[in-house]
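Trainee: I would like to go through this model feature by feature. Please give the general idea before each case.

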Amino acid sequence: MAFVTDKAELKPGLVIFRRGDVEHRMWYCRMKIPKADRYKTISLKTTDVELARERAFDQDADIRFRLKHDVPVFNHPFREVGREYLLTQEARAQRGEISAARPKKIRAVIDGALERYVGSTQVHLIGDELWGGYPAWRRVNGAGRLRRNGVREVSDEMAQEFADKEAERRTKVQNALGIRVLKPIKLAPSEERTVPFISDSTIRFEMSIFGAVMNFAIKKRYVPASQRYDERPKLKTMRRDEFTLEEYRKLHTIGRKWIAEADKPSSTWYRTVTYNMILIACNTGMRPAEMKNLRWRDIMPAKDREGREIVVLFVQGKGKSRKLVAPKSVGDYLERIRSISKATGLEDRVFTTVNGKPAKSLYVSLIADLLGKANLREGTQGVPRSTYCFRHTYATLRLQEGVDVYFLAEQMGTSVQMIEQHYGHVNTIKHADRVLQGMTGWEAPHPEVDVTKAKASKAAETHDKLKRGQHRRTG
């Protein structure tokens, strides 16, 4: 190194020196890391050579102690480790192991809330206190989108800061959409000086990224295994919002009128496709990502064991794929879309723009408009409904009809645990007669009804036994 002056070797692998490219005369030491092709350079913060020698030996002893007790030798701020982790996730997305949108969400969390909380903190200094304190810090220093989480008062400065961040976010969205922003977007803070709290679901997701970065640091040996944080604080879980059967029927009726009110051909086209997509979603339980990926080649007519016509769909999303079954009516809804679509080849997407290009947003603004027309924009919890609510509607209606939770989980590509966690309230309503049994003013089910059900159940059981016996004999 050309800038090194006054170099002196104290022992093999340990030298002190001055720098010729700076004005001060401070000493530095450079140490060879044992069993590694790496060096660590440290400023000794003294101009006295004897004191520099003493401090250099102290630093050497400290490095050996760190190596012996598995303590990181080099400094690693959380932001640097987070970016390293992000690169691994972007590589996974390129290989198709995770969705392309996942790294974008991870980047937003790492560069956003986590940067403000622990961005400059060395990862080996992140302990239980910083981990456990994140939910409280996030609620105080963040603003949510929905007032269902409650509101809190903020100072004028913080209100302006939140408004500036929202303006910055909107500018980025405009640029991403290719819209030229001629004047900087500015937002005035709310005069009420109140903002919604950050939701628990947001905090839970951010802490999952926080924990993933710390686990990555363990794999890289930046921190010991004791700094693994998989368990997250118990936070409130919001029940999934769905449409009731009455609301679904209302949406059906309003949807037809909504199409008829379109004032130009392109509007009629988009409203027709959106309306039929809603019917398909409510009758299949597909995720929005699965509907985006659906191609015409993935739709196959079939028949069930009784010879009734059904539709089999091969769906892909969340890095997984499966086949699901749907009634013949879903095939009719799909044919309505095919009859007006400009993209009907086997490899073409089902849900497209009027010009035949894949739909990126799945008609979000159109769905919001239709829900507004039907006065169904918000659910019982005061939360604006989204495309995902159609999947929840499917699950709720199927459970109300008595579909076995195991078969429903297979159909929807999720776990029995998730079904029970988010739709357990359906069973309570379905079995209200048993829940309310013995309460004042509530009569037990009529005995004759119970006898009838018992006879029907026994007859079905006998029928199944006879069929199994015939199968054994023919086999």
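Predicted model: local features only at pLDDT ≥ 70, side-chain atom pairs only at ≥ 80, totals over all residues.

Trainee: Where is Q89 placed, and which residues is Q89 in contact with, leaving aside its neighbours within four places in sequence?

Mentor: Q89 is in helix 2 (residues 78-94); helices (H or I, at least four residues) and strands (E, at least two) are DSSP runs, numbered from the N terminus. With neighbours within four places in sequence left aside, Q89 touches I98, P103 and I106, where contact means heavy atoms within 4.5 Å.

Trainee: How is a pair of aromatic rings described?

Mentor: By the distance of the centres and the angle of the planes. Rings of Phe, Tyr and Trp (its six-membered ring) pair if their centres lie within 6.5 Å; planes under 30 degrees apart count as stacked, over 60 as edge-to-face and the rest as tilted. A search of the whole structure gives 14 aromatic pairs. One of them is the stacked pair of F17 and Y28, 5.7 Å centre to centre with 15° between the planes. This pair links distant parts of the chain, with F17 in strand 2 (residues 14-19) and Y28 in strand 3 (residues 27-32), 11 residues apart. Both F17 and Y28 are buried.

Trainee: Why is the pair of Y406 and F407 edge-to-face?

Mentor: The ring centres of Y406 and F407 are 5.7 Å apart and the planes stand at 65°, so the pair is edge-to-face. Y406 is partly exposed at 47% relative accessibility, whereas F407 is exposed at 56%.

Trainee: Which charged end sits over the ring of Y28?

Mentor: That of R19, 5.7 Å from the ring centre. The criterion is NZ of Lys or CZ of Arg within 6 Å of the ring centre and within 35 degrees of the ring normal. R30 lies over the face of Y39, at 4.7 Å from the ring centre.

Trainee: What is the order of the strands in the open sheet?

Mentor: Strands of a sheet pair through backbone hydrogen bonds, either parallel or antiparallel. Here the open sheet of 4 strands has the order 1-2-3-4 with antiparallel pairing, and two strands pair if DSSP finds at least two bridges between them. Strand 1 (4-11) and strand 4 (39-43) are the edge strands, each pairing on one side only. Strand 2 is joined to strand 3 by 5 bridges, and I16 stands opposite C29 in strand 3.

Notes: Residues numbered from 1 in each chain as written. Heavy atoms only, no water. Buried < 20%, exposed > 50% of the residue type's maximum accessible area, 1.4 Å probe, protein only.
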